[in-house]
Amino acid sequence: MRAVYGIVAREFLRFLRQRGRVLASIGRPFVWLVFAGAGFAAVFAGRNEIDYRVYMAPGLLGMVVMFGSLLSALSTVTDREAGVLRMMLVAPIRRGAVALGKALGATLLGTAQALVVAGLLLPLVQLRPTLAGMLLGLVAVVLSGLALGALGVVLAASIRSIENFAGVMNFVIFPMLFLSGALYPVRHLGPALRAVAYANPLAYGVDLLKHALLSAWAGVGYGGELPVPLDCAALAVFAIAGLALAAWLLGREGGVTHTAFRERR
Amino acid sequence: MTAAAILARGLGKDFGALRALDRLDLEVGDGEFFGLLGPNGAGKTTTVHLLATLLAPSRGTARVAGHDVAHEGLAVRRSIGLVFQDTTLDRDLTVAENLRFAARLWSLPGRVARPRIDALLRQFELLERRDDPVRTLSGGMRRAADIARGILHEPRILFLDEPTAGLDPRARRSLWDRIRGLRAASGVTVLLTTHYVEEAEPCDRVAVLDHGRLVALGTPADLKRGAGVGSLEEVFLAHTGRPLAEAEGG
């Protein structure tokens with residue numbers, strides 16, 4: 001357990017050292033709010049059911065959790081290239097503990113970033129959640145962080161080098177974002193895309209955040225679309241399955257070692 | 001005969017069609033200073049990674065500190081320290097942060113780790129740089145910090161994989177002084193891999209590897225006597241028909 005704590009503590013320390021990363025993670029949702037928010041708000045201006053910027057708030061928080069968790073779990077790839085991963089592998093700890101430490105570190109960072117952004121964003125769009133809403137929002141953020149952090153470790157254990165990272169951005173992060181309900185309700189999508197959306201952990205996280213923050217608009221169709229227990233259960237299943245898969249992938253010979261231990265010839 | 005720190009029987013590893021290590025029989029005594037000498041690609045690093053449970057053997061068995069490498073990985077890793085060929089330190093963290101991170105990975109409680117970290121930093125002349133990021137350190141200092149990281153948990157057996165690679169002669173000399181001091185103070189078993197003949201000279205015994213096979217084993221003096229030559233360089237030549245320097249990079 002001390003080892004897991006050590007891995008989490010290092011992730012946190014590294015994050016604080018990287019000032020650019022801190023600023024980017026806090027600034028990113030506001031860039032979306034201003035640029036995407038302005039455009040979409042104008043398109044939807046005719047319908048006065050909800051201010052688009054308010055509608056975006058849960059999705060933006062989900063986005064912060066996603067970037068925070070995925071990117072920090074993907075730091076496993078840089079750890080492998082820098083050799084730091086080998087320090088963890090030669091330590092007397094199970095591979096599962098490395099996966100768990102990485103995923104928990106990602107959860108912690110994702111949650112911390114989402115809380116900071118929520119503190120700035122919600123007053124800005126004049127969204128005042130109830131106490132129950134805030135607690136549900138915290139649950140949503142932590143569960144999403146775990147599910148996405150575990151997914152990040154799975155990706156990191158599967159991709160060979162940092163160069164493949166652009167592929168991850170294009171084919172994982174952006175589709176996940178657009179098919180999460182962060183920018184428009186999932187119910188407007190066709191059946192095929194809706195099916196894909198429900199295979200997306202972020203969709204459940206954003207849905208839970210809508211339950212937490214947009215309950216006042218549930219009557220006009222902008223609240224959560226799925227039952228709260230289903231959202232929670234889906235996120236828990238993603239988190240547990242992801243952690244198990246991540247531990248297995250890291251445990252394989254070559255799972256973490258293929259670049260670190262390739263024979264130099 | 002002292003108890004064996006390392007015992008390998010028919011140990012081998014293939015990478016696809018490539019036979020990196022054929023069938024190695026090896027016994028390293030407790031407290032011994034043992035050298036694995038051979039050109040790059042001879043199977044030295046593969047041997048170390050097999051013994052450290054980072055690779056699974058393709059054939060044969062090995063016991064390290066009495067534990068089976070295939071089935072008792074955690075127990076093996078608890079008994080060993082390993083300094084890799086390339087640094088494993090986090091360049092963005094400070095020297096002290098790296099050592100604290102390692103202490104947690106090895107589950108050392110803070111009250112045990114703190115005085116040990118201080119003592120190691122003093123011993124390795126890193127006290128003044130303890131709060132500097134590792135990326136600002138010279139190669140020699142980084143290596144010293146790597147070794148401090150490797151012995152922080154006071155392992156019974158220490159693997160040093162090409163520890164002097166990329167160091168200038170002065171840093172190299174000071175590294176050897178440290179390893180000598182360490183052995184005198186703690187009696188730790190050291191298994192060293194190197195392709196520099198002169199670094200194998202002070203070893204108690206040397207195993208010469210070439211193309212994944214053990215070609216000679218003995219004390220440096222015995223090896224030279226057996227081959228009827230005056231240096232380990234010539235021992236390698238006598239056993240393989242090639243000079244060590246030329247075999248390099250092959």
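**Close-up 1. The loop between α6 and α7 of chain A, with Q126(A) in the predicted model.** Q126(A) lies in the loop between α6 and α7 of chain A, where helices (H or I, at least four residues) and strands (E, at least two) are DSSP runs, numbered from the N terminus. Although Q126(A) is not a glycine, its phi is positive, at about 55 degrees. At 62% relative accessibility, Q126(A) counts as exposed, since buried means under 20% relative accessible area, exposed over 50% and partly exposed in between, with a 1.4 Å probe and protein chains only. This is a predicted model, in which local features need pLDDT of at least 70 and side-chain atom pairs count only at pLDDT 80 or more, while totals for chains, interfaces and linings use all residues. Residues are numbered from 1 along each chain as its sequence is written, chains are lettered from A and ligands numbered from 1 in the order in which they are written, and side-chain values use heavy atoms, with hydrogens and water left out.

**Close-up 2. Helix α6 of chain A and its bend at A118(A).** Helix α6 of chain A covers residues 95-124, has 30 residues and reaches 43 Å from its first C-alpha to its last, close to the 44 Å expected at 1.5 Å a residue; the expected span is 1.5 Å times one less than the number of residues in the helix. At A118(A) the helix bends by about 30 degrees, the bend being the angle between axes fitted to the seven residues ending there and the seven starting there.

**Close-up 3. K102(A) in helix α6 of chain A.** Is K102(A) buried or exposed? K102(A) is buried, with a relative accessible area of 0%. Leaving aside its neighbours within four places in sequence, K102(A) is in contact with I7(A), R10(A), E11(A), S75(A), T76(A), D79(A), M88(A) and V153(A), where contact means heavy atoms within 4.5 Å. The C-alpha atoms of K102(A) and V139(A), which are 37 residues apart along the chain, are separated by 20 Å.

**Close-up 4. Helix α11 of chain A and the helices that cover its buried residues.** Helix α11 of chain A runs over residues 228-251, with 24 residues and a reach of 34 Å from its first C-alpha to its last, close to the 34 Å expected at 1.5 Å a residue. Its buried residues are D231(A), A234(A), L235(A), A239(A), G242(A), A246(A), L249(A) and L250(A). An α-helix has 3.6 residues a turn, so residues three or four places apart point the same way. What covers the buried residues of α11(A) includes α6, α7 (131-158) and α10 (201-213) of chain A.

**Close-up 5. The largest cavity and its lining.** A search of the whole structure finds one cavity of 30 Å³ or more, a cavity being a set of points, on a 1 Å grid over the protein atoms alone, where a 1.4 Å probe fits but cannot get out, and its lining residues having an atom within 4 Å of a point. The largest cavity has a volume of about 70 Å³, the volume being the space filled by probe spheres set on the points. Among the residues that line the largest cavity are S180(A), Y198(A), D207(A), K210(A) and E225(A).

**Close-up 6. R14(A) and its contacts in chain B.** R14(A) has its place in helix α1 (residues 2-17) of chain A, and at 13% relative accessibility R14(A) counts as buried. With its neighbours within four places in sequence left aside, R14(A) is in contact with D90(B), D92(B) and L93(B).

**Close-up 7. A96(B) in helix α3 of chain B.** Helix α3 of chain B, where A96(B) is found, covers residues 95-105. A96(B) is buried, with a relative accessible area of 1%. Apart from its neighbours within four places in sequence, A96(B) is in contact with R130(B) and D131(B). A96(B) and L121(B) are 25 residues apart in sequence and 8.4 Å apart in space, C-alpha to C-alpha.

Key:
On a 1 Å grid over the protein atoms alone, a cavity is a set of points where a 1.4 Å probe fits but cannot get out, and a pocket is an open set with protein on both sides within 12 Å along at least five of seven lines; lining residues have an atom within 4 Å of a point.
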